[in-house]
Amino acid sequence: MPDYDPKTIEAKWQQHWENEKSFQVKDDPSKEKYYLLEMFPYPSGRIHMGHVRNYTIGDALARFKWMKGYNVLHPIGWDSFGMPAENAAIQNKSHPNTWTHANIKAMTEQIKRLGLSYDWDREIATCEPEYYQWNQWCFLKFLERGLVYRKNSEVNWCESCNTVLANEQVVDGLCWRCDNEVITKLQEGWFFKITDYADRLLEGLKDLEQGWPEQVLTMQSNWIGKSYGAEVNFQIKDAKESITVFTTRPDTLYGATFMVLAPEHPLTHSLSRGTEQEKAIDTFIKKVKSQDKIDRTSEGGEKLGVFTGAYAVNPLNGETLPVWTANFVLMDYGTGAIMSVPAHDHRDFEFAKKYKLPIRVVILPPDGNTNADDLKEAMTELGPMTQSGTFDGLAGDEAKQKVCEHLQSNNIGKATVQFRLRDWGVSRQRYWGTPVPIIFCEKCGTVPVPYEDLPVILPLDAQLGDKGQSPLKSLDSFINVPCPKCKAPAKRETDTLDTFICSSWYFDRFTSPHNDKEAFSKKSVQYWMPVDQYIGGIEHAILHLLYSRFFHQVFRDLELIESKEPFAHLLTQGMVIKDGAKMSKSKGNVVDPDHIIGRYGADTARLFILFAAPPTKQLEWSDQGVEGSSRFLKRVWRLFDEMVNFLRVMPFDKDSLGDDFPEELTKELKELRRQIHTAIKRVTEDIEKRMQFNTAIAAIMEFVNHLYTFREWWDEHEEPPVLGCFLLKEAMDTLILLLAPFAPHIAEEMWQRMGHSETTHQTAWPKHNEEFLKADEIEIVVQVNGKVRQKLSVPSSIDEESLKAKSLGDPRIQEWTNGKEVKKVIVVPKKLINIVVK
């Protein structure tokens with residue numbers, strides 16, 4: 001046989017899979033389905049190692065499930081609308097459509113070189129009318145259900161470029177294109193009422209506890225942010241307006257010593273008019289608008305504030321409280337205003353100390369000391385109310401309830417539930433996106449585009465402005481249309497939809513991707529959904545997953561789908577890093593997948609990616625590790641080369657021998673049989689139960705080591721025993737099938753050369769026999785400094801060095817040896833081992 005040539009082998013099998021449509025799948029209710037999906041890729045132009053890891057994890061699992069007999073749906077598509085295409089078009093003086101499709105072509109070629117088991121017949125791209133017309137259909141359906149409305153919201157605006165900017169296009173308060181100042185202004189836009197589903201989205205997390213990482217569930221729960229508390233109205237002194245705040249600690253109302261408004265709160269500006277603080281407030285608002293919201297609210301961020309010049313009245317004790325504005329209060333959380341109780345809130349305490357504002361203790365500390373001057377930090381624990389009038393002595397939930405009842409009975413507040421979640425703004429003042437299917441008529445008002453007129457086509461002959469302005473506002477052929485109701489001249493909406501909409505239901509579309517009658521076939525979606533395994537980065541833990549769950553709940557209400565949640569299981573793969581840092585061009589530590597595949601082959605790249613770390617952990621790139629994976633595959637090929645001609649012409653098969661072997665099976669053959677079934681069991685369970693591909697590959701490597709050891713015994717026989725021939729053939733077949741999910745090209749080549757006509761993914765995954773796992777074992781007593789600390793069951797054939805390693809690696813023994821020097825290890829064969837430490 002020729003030397004291992006991955007380039008030739010991989011090209012051969014990739015062409016075979018494509019020609020035969022090997023991974024094409026159809027609805028088949030007679031078979032158990034398995035829907036596996038990696039998160040929607042954006043066609044950025046080149047795949048990176050993060051992509052390779054994501055796709056390889058999914059492909060290994062997909063191939064395993066094929067071999068386990070499942071009907072596997074493993075589709076691919078492109079999340080191809082969005083701002084990066086516009087930015088690239090501006091920089092390269094091209095059109096977003098041209099740039100996007102060129103990138104899709106390039107990335108498709110790269111992905112196919114990895115040998116991934118995608119059903120390419122289901123490929124979709126969200127920038128095609130065949131897809132985005134159903135985005136528009138969803139918008140209209142949501143509108144019918146009262147889940148869409150229009151309101152003013154703040155946007156980033158560059159006067160110089162005359163365009164709206166996304167948050168990531170604002171750098172230190174300046175436009176990324178022209179370096180001129182960015183301002184915020186109010187602009188009307190469309191919103192989805194995701195808040196109507198807040199309770200259901202929160203409650204639904206309970207159904208995901210067995211299949212989703214706890215970290216992601218916590219992040220989603222915190223983002224939805226359900227809080228029980230009270231709304232309280234603070235009347236502004238000498239004015240008609242009042243400030244409404246939400247607090248989860250109504251038991252601390254008597255401790256409020258000042259109020260804080262978000263800089264964006266309308267009262268922040270109006271209260272300062274005509275006061276000495278007017279100029280300071282204007283300067284502060286302008287300064288805060290350039291700050292990142294995450295930085296503003298972070299624990300370590302500097303707390304900045306300015307007095308507005310106004311005062312509010314505490315409705316419980318009548319005290320006059322100064323009204324401030326501060327950077328750590330956001331308009332899009334709560335009411336955009338807070339009552340500050342510095343004695344019992346860490347952030348308020350820090351702010352009060354900085355600006356020398358009063359502090360009052362109203363929750364009795366364990367030591368009974370209510371002197372605020374003695375406080376070193378805020379006391380946030382619950383406790384008896386004090387300095388709180390008639391409420392003194394009440395504590396915990398009872399105290400909160402009594403205060404809320406008082407607020408309600410006096411019409412100054414009420415108990416309420418608040419969500420951190422805000423409605424989803426879906427309008428984008430950009431070109432490269434789904435046109436909003438709305439027409440504005442002077443006579444009829446806001447008119448939805450009729451379903452039969454969908455899709456509203458995004459004109460591809462439009463050219464972006466030289467500074468990124470959307471051409472839709474000035475494109476007469478697009479904007480001027482007759483009103484669907486009265487036929488009078490009207491105007492189209494020129495906003496496009498947030499691209500998160502494209503990725504909020506694409507997994508449903510994959511179940512019937514070329515359906516031109518409906519967004520998806522109800523029959524197909526019932527068969528395939530939910531996605532059994534979803535794979536992607538932790539960076540999508542909140543918005544993408546939350547929006548997808550929201551769409552799914554709306555589809556349930558529309559009776560289009562039955563499953564409770566869209567994704568039954570979620571795996572968030574770790575980042576690929578090099579030299580201790582995330583790969584980036586600026587750091588010079590980027591590894592090009594094409595280079596690795598060109599030099600070593602896709603199977604080596606796949607094997608290294610899957611072996612180097614568990615899927616959920618960070619993966620440190622190692623050139624030596626890649627070399628090691630390459631050497632291992634060559635080692636497998638050499639072993640196979642030595643055996644193939646002999647084994648493929650064997651004149652019998654397994655069925656002719658039955659499952660039972662005669663007594664004359666030698667100990668070497670018994671051990672080979674045990675190793676075969678041990679490898680099957682370990683690899684199967686590592687994939688199926690733990691999804692730990694690194695340990696599964698380690699088990700294969702150990703199996704290969706044993707086969708090399710066995711070969712030495714085998715070579716000593718001029719006429720090997722017939723049963724040994726069969727076992728060796730079974731061993732080689734097993735090795736190939738176990739390797740197939742991880743390194744499919746070399747596995748297919750070896751499988752074919754063994755004389756098999758079907759491909760590996762069409763072949764049943766091997767099963768282990770528990771009886772064959774048993775080994776002749778003995779009990780070894782393990783001592784540390786002469787005292788018995790453990791008893792180990794080990795194979796009777798274990799060698800001395802292996803026994804030492806097993807004993808030293810035992811967790812209970814390590815409790816006695818960690819941090820100590822092992823001076824000597826004494827072995828009494830087949831009886832005990834004594835570890836001497838100092």
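In which sense do strand 10 and strand 16 pair, and over how many bridges? Before I answer, let me say that this is a predicted model, in which local features need pLDDT of at least 70 and side-chain atom pairs count only at pLDDT 80 or more, while totals for chains, interfaces and linings use all residues. Residues are numbered from 1 along each chain as its sequence is written, and side-chain values use heavy atoms, with hydrogens and water left out.

Strand 10 (residues 226-236) pairs with strand 16 (residues 413-419) in the antiparallel sense, over seven bridges, and here Gly 229 stands opposite Thr 416. Strands are DSSP runs of E with at least two residues, helices are runs of H or I with at least four, and both are numbered from the N terminus; two strands pair if DSSP finds at least two bridges between them.

Strand 10 also pairs with strand 11 (residues 242-247), again antiparallel, over six bridges, with Gln 235 opposite Ser 242. These two strands form a hairpin with five residues between them, and in the turn Asp 238 has a positive phi of about 60°. Two bridges join strand 10 to strand 13, antiparallel as well, and Ile 236 has Ala 312 as its bridge partner there.
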